[in-house]
Amino acid sequence: MSFTHGCCFLKTDFNMFFKTAEEDMELRDWQRDRGTGEPLLPVLATQRTFDYVLVSSKLDEEVDSQKAERQRAFLQQLQKKKIRVTKIVHDDKVFFGLRAPTELFEQYKYLLRVSDSCNWSEDANGCIPQATRIRVVHFILHQTFIGTGEDLKELLDKDVFETMFALHERKKQKELKKDWARWSALCKGQPVSDVRCYFGEKVALYFLWLGWYTKLLVPAASLGVVVFLYGIAFFNTNPLIKEVCESSIIMCPRCDKRECTVWKLSDTCTYAKVTHLFDNEGTVAFAMFMAVWATLFLELWKRHRARHVSEWKVFDWCEDEEELILEIINDPDCQPKKFRHSYLRSTVVLVLVTLMLMLIIGLAQALVVFRVVAAPLLSEGSWEFIRDHANMVAMMLGAVLHYITIQIMTRVNRWVAFRLCEIEKIRSLAAAERSFTVKMFTFQFFTLFSSLFYVAFFLGRINGYPGNYVRIAGRWRLEECHPSGCLTDLFIQMAVIMLLKQILNNIFEFTVPWLKSFCRRNTAKKLERKCGRCYRKACRDETGTVEPCEVCKLRDWLRNYHLADINAFSLFNEFLEMVIQFSFTTIFVAAFPLAPLLALINNIFEIRLDAIKMVSLERRLVPRKTNDIGIWTNVLEAIGVLAVIANGLVIGVSSDFIPRLVYRYGYGPCANGNMSTHCMQGYINNTLSTAYMSDPMVQKAFRPDQLITENGVNVTQCSYKDYRSDEDNSLTSQFWLVLAVRFAFVILFEHVVVMCKFVAAWFVPSSPMRVKNVRLQDQLARLKDELRGMKRDSKSTEV
């Protein structure tokens, strides 16, 4: 969609503006010609929209004299900047409508034209849309100080003002609701250019990126389902599952409690089947595909972005330079904030970040301890199902507790990241936003993934063996992996966290602002009925441009006031949620092939949910101009690299893919020349070691009542998963061979995938040739215009 088409409604409004103004002028002239001397209709302002609204509680001059004085001082500072203030009192609230003068935006347009990076913008030559007006006034409000040195943020904190917000434009709001922000438009495309004209480029690029991410999830989700179905297809014929289900092997007790007795390997037949769904040969190919997919997604996104920002005339836009322009408009005598660097502050920030990460990792270890302690306690419970599946229930409880920890730490992480940015004293708002994003994402990443990294790479590998178990506080044994592998534990942990996070977050994200909006509508409806009886028709005309009466103003302001509040983190939270989801989708996808499918389903609803929330349920976001999703691009690239490393380690270290490969070609029947049986026959038994009760160390590890089977048989030996010698419990040569092949596979996997990523990045240019050619022609045309202008100026000077 072209820029001209995307902003057609702006042109329509301005045509209506001039038409109405001309009609009013003709009517007043006609009235004067009739000899009345003065027009019958008053001369009314022709601009209806206010740029911002401040709200405060009604202050008692005697009780709140200091607040009232600060309030007057701030409003006087705004009036010195020629911002018109309209005051309306309603019940116990006072509303201040703010409208900036036209000359302020003329200065803004001029500075855009002469800037190095912002001159290729429609704002520099065309009309100033309402989104730009809001952005400029928002900056001025936050850069206005009273005599005490306090700014608007400090006045809001001290209850001098209650809140501030930009007004929704009802006509354009209805258009967005009709075409985009409704559930019935679930499968329709997004009018991104219209969103950009209303909410600014930053919001538009978020929805553009989210739509592109959702679209490219389709092939990833499809292949993930194929891998899952591949596991189901060989459900009953897989020899490993059959070996577990038909086994008569007696396994060693899983814990130290009396209820933890020896058990049959065949009791875990269902667990072995589930494991095969996520740990099969197709997993390796899918992990490689997802690593390359992440790179292709980013490269194709860069092309997609370049096409749109070129149409929007913001390809070379620089946020830092626009910030300088806004500072000059706010204060022509301003001094630039100089770049500063302090090794002391950097050291303090680095130390605090390290301490914060240690705290987060410590919480992850606390969750591990919870699972270790909960499993034996649950095995003593009165419910038979929980007693028989104590380890599984403990794992799921740990996942739920992990989710609760995530919700709490999200708020803590935000507060810490914000304080760290204050310590750094960063020069510009754009740089501060980048710094905050990196810190917040790092904290959130460790909060979400520390527990998963333990399950993926440490669970069942540091727990020891019978007679030499590793214990916490010398009492509780660490968890063990199932004989079929540890990948199912990782899958359950990811599934619980991902489902809970997406479903519950979406429910709260939608219902909370909806309930707030529903409960606050009564006041605005009363005024709407009152305004319906207004004697001036212009007050009821949505497309008119005559100044509305106070009732109409108040109705509109209350309608916006009663919407859910927004802040600087509103859009950031949406980006963070989706980037975390992208991490889940790519980093441990080898353990959870259905993750792209869950992400796809979630995102289809997420797009409309966010649209409905921004258009109908929340106050208007401050439109921000930009040409990229910013530092999030670097974060996504880092996640893509980490996905290669993590998936290589999951397949090489966590899954049983390598041990099965070594057994097939080194120790199995086919390796020994026996072709009459399946090549994997006897694999499960090969991965087990035996503990004999005659060993004094083993006798100390288990009590006699733990060595009695359900049939009352007292066993003399039991098996456990490990490659150890039956004589002295030393590691066998097969263990070292498997370990060597694991590391060799990880190195080979990562090098091959990284090479594929580089080839994919090279093969897909980040900017289409058509965009480059259009920009080249535009630059040439602008240079020619400048040259013609210079010649005209020189001729006029000569004359």
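**Cut-offs applied to a predicted model**

Q: Why does D91 count as exposed?
A: The relative accessibility of D91 is 56%, and exposed means over 50% relative accessible area, buried under 20% and partly exposed in between, with a 1.4 Å probe and protein chains only. D91 therefore falls in the exposed class. The model is predicted, so that local features need pLDDT of at least 70 and side-chain atom pairs count only at pLDDT 80 or more, while totals for chains, interfaces and linings use all residues. Residues are numbered from 1 along each chain as its sequence is written, and side-chain values use heavy atoms, with hydrogens and water left out.

Q: What makes the phi of D91 worth noting?
A: D91 has a positive phi of about 55° although it is not a glycine. Most residues other than glycine have a negative phi. D91 is placed in the loop between β2 and β3 (93–99); strands are DSSP runs of E with at least two residues, and helices are runs of H or I with at least four, numbered from the N terminus.

Q: Where does K82 lie, and what is its phi?
A: K82 is in the loop between α3 and β2 (84–90), and its phi is near 65°, a positive value in a residue other than glycine. With a relative accessible area of 55%, K82 is exposed.

Q: How do you know that E69 and R72 form a salt bridge?
A: The closest N and O atoms of E69 and R72 are 3.0 Å apart, and a salt bridge needs a side-chain nitrogen of Lys or Arg within 4 Å of a carboxyl oxygen of Asp or Glu. The pair therefore meets the rule. Both residues belong to helix α3 (residues 65–80), 3 residues apart, about one turn of the helix. E69 is partly exposed at 46%, as is R72 at 36%.

Q: Why does the pair E150 and R70 tie together separate parts of the chain?
A: E150 lies in the loop between α6 (130–142) and α7 (152–157) and R70 in helix α3, so the pair joins parts that are 80 residues apart in sequence. Their side chains meet in a salt bridge at 2.7 Å, N to O. E150 is buried, with a relative accessible area of 5%, whereas R70 counts as partly exposed at 23%.

Q: Which residues line the second largest cavity?
A: The lining consists of I497, M498, K501, Q502, N505, E577, M578, I580, Q581, F584 and N602. The elements giving two or more residues to this lining are α19 (487–519) and α22 (570–587). A cavity is a set of points on a 1 Å grid where a 1.4 Å probe fits but cannot get out, and lining residues have an atom within 4 Å of a point. About 100 Å³ of space lies in the second largest cavity.

How values were computed. 1 Å grid on protein atoms, 1.4 Å probe; cavity = no way out; pocket = protein on both sides within 12 Å on 5 of 7 lines; lining within 4 Å. Points joined across faces, edges and corners; volume = space filled by probe spheres on them.
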